[in-house]
Amino acid sequence: MLCPLSSLSGGKLTRTTKGLASAALITASALVLAGCAGGDSSDDSSSGDALTIGTSDPVFALDPAAAYDNGSWQVMIQVYPFLMNSPYGSAEVEPDIATSAEFTAPTEYTVKLKEGLKFANGNDLTASDVKFTFDRQLKIKDDNGPWGLLENLESTEAVDDTTVVFHLKQENDQTFPQVLSSPVAPIVDEDVFPADKVLADADIVKEKPFAGQYTIESFKLNDLISYKAFDGYDGLLGAPKTSDVTVKYFTNENNLRLAIQEKAVDVATRQLSATDVEDLAKNEDLKVYKGPGGEIRFIVYNFNTQPFGATTAEADPAKALAVRQATADLIDRDALSEQVFKGTYTPLYSYVPEGLPGATQSLKGLYGDGEGGPDGARAAERLKAAGVETPVTLNLQYNPDHYGASSAEEYALIKSQLEEGGLFKVDLQATEWTQFNKDRVQDLYPLHQLGWFPDYSDADNYLTPFFIDGGFLMNHYSNEEVNELIRSQLATVDRDERIGKIEQIQDLVAADLSTLPTTQGTQVAVAVKDVKGVEDTLDASFKFRFGPLSK
């Protein structure tokens, strides 16, 4: 998603042909978090003292058809059931309220539900509810909803009470199991939700159409939500450790920081500034947890309007490439990570973030000093060899209100890095998000900032949306070999063969430099020291579940 599923309204995702380009606009270490506990906790029972969690990430709506933002998603993953889900500590998905899920034909994905499932209001949860859920998403197509993730879904069939067959447009879609764990897939109660319109938050809370680990007991939008463990949940994650959880919403990062500092909340998550996290780590009564993060930050090159771009007066593809490559030579990712983000973002040297199957470091050897650092001499040689006169003026846009308060400092440092040695003169401009998001697709920005938070934990979610003929970036990048490989990996059943293709795609795009990845975000939570289980939920699924938490 094009915004951090964080503090902002979510981006709308649209999957293009082949079902796979999402265009939601967007926040590490390795995605595999050492020490994460995984697996089923079904032997545990809900108990322990009540927990209070603080966040500054607002909720937009409780109806899964009406929201595609991180704040709303945070609620949905606690209370709605899913056909597929990730066990704690893993990015892979497994059947959740299902007993099995598999391709039974190239365009048929069959899911068998567990017997006797019920919602918290006592209604039966059957295959009919599942069909209703997906039909409803495609019927409503809410402007703020995630329905675009279902681009590859032709129809949904309830064969009997426990059997659902998804009929797909494209064969062997290897991302479809992940789609069933994504924001488009919370299963809703057909006796509660209308088929053709969004249901109000108050009605949802009143009717209790929940069948996840928790139910919502009380709800005041972006103020307070009270959760209680649902003993009827029969899924992959098992019973939560704590019966009663309250989430308090804060209007800004500073108030959230004060709340955890004063122990007014037990856990603080999304969002705290990097400076606050650094300071809170010195507090002996608190503990800072960092987990794998799927957010990436990068610079987009517009192949038409960048220096020597296709529609400029001095159009020259070789010189345009040399300019892109020279900028890549000059970026110091370690400095961005440490000076701006205090280690809460780490250097990123390719397009798929570290930790996901298929991730490479394709840019590391190609640019700079070959070991990840900057190299001004290499940049100068590259421009000279291409016949580019220096300094080259770069018009670089960033956004001050969508990617966090650190963007100004981040792009001031990038400007300084690019101007080091005198090869470039950077005209740095800032534009508010509403206008920025319109301008960026109108070829107004030769180079500009963007970020991305994934819809699900699969490398494809970092490739298809960006690189099939420019994807949602609309930067006029096109490489038919890349297009074909992206489409091919999607339908490649053999895991090793698919990973090989994903690696090859990254190598090709790294040579073309459609975008310049800079940093990869971590998930951060700060907890009072007697709270347990935080590390178990900060995993590569990017879902902060309350289930493992206790004190």
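**Note on the predicted model**

1. Asp469 has 42% relative accessibility, so this residue counts as partly exposed (buried is under 20% relative accessible area, exposed over 50%, partly exposed in between; 1.4 Å probe, protein chains only). This is a predicted model, where local features need pLDDT of at least 70, side-chain atom pairs count only at pLDDT 80 or more, and totals for chains, interfaces and linings use all residues. Residues are numbered from 1 along each chain as its sequence is written, and side-chain values use heavy atoms, with hydrogens and water left out.

2. Asp469 sits in the loop between helix H13 (464-467) and helix H14 (480-490). Helices (H or I, at least four residues) and strands (E, at least two) are DSSP runs, numbered from the N terminus. Phi of Asp469 is near 50°, a positive value in a residue other than glycine.

3. Lys141 also deserves a look. Its phi is near 45°, positive in a residue other than glycine. Lys141 lies in the loop between helix H2 (127-140) and strand E6 (153-160). With a relative accessible area of 42%, Lys141 is partly exposed.

4. Check the peptide bond between Thr390 and Pro391: it is cis, with omega about 0°. Pro391 is in the loop between helix H10 (376-385) and strand E15 (392-398). Most residues other than glycine have a negative phi, and most peptide bonds are trans.

5. Now the whole chain. The protein chain has 16 helices and 19 strands. Its C-alpha atoms fill a box of roughly 75 × 55 × 40 Å along the principal axes. Of the 551 residues, 60% are buried.
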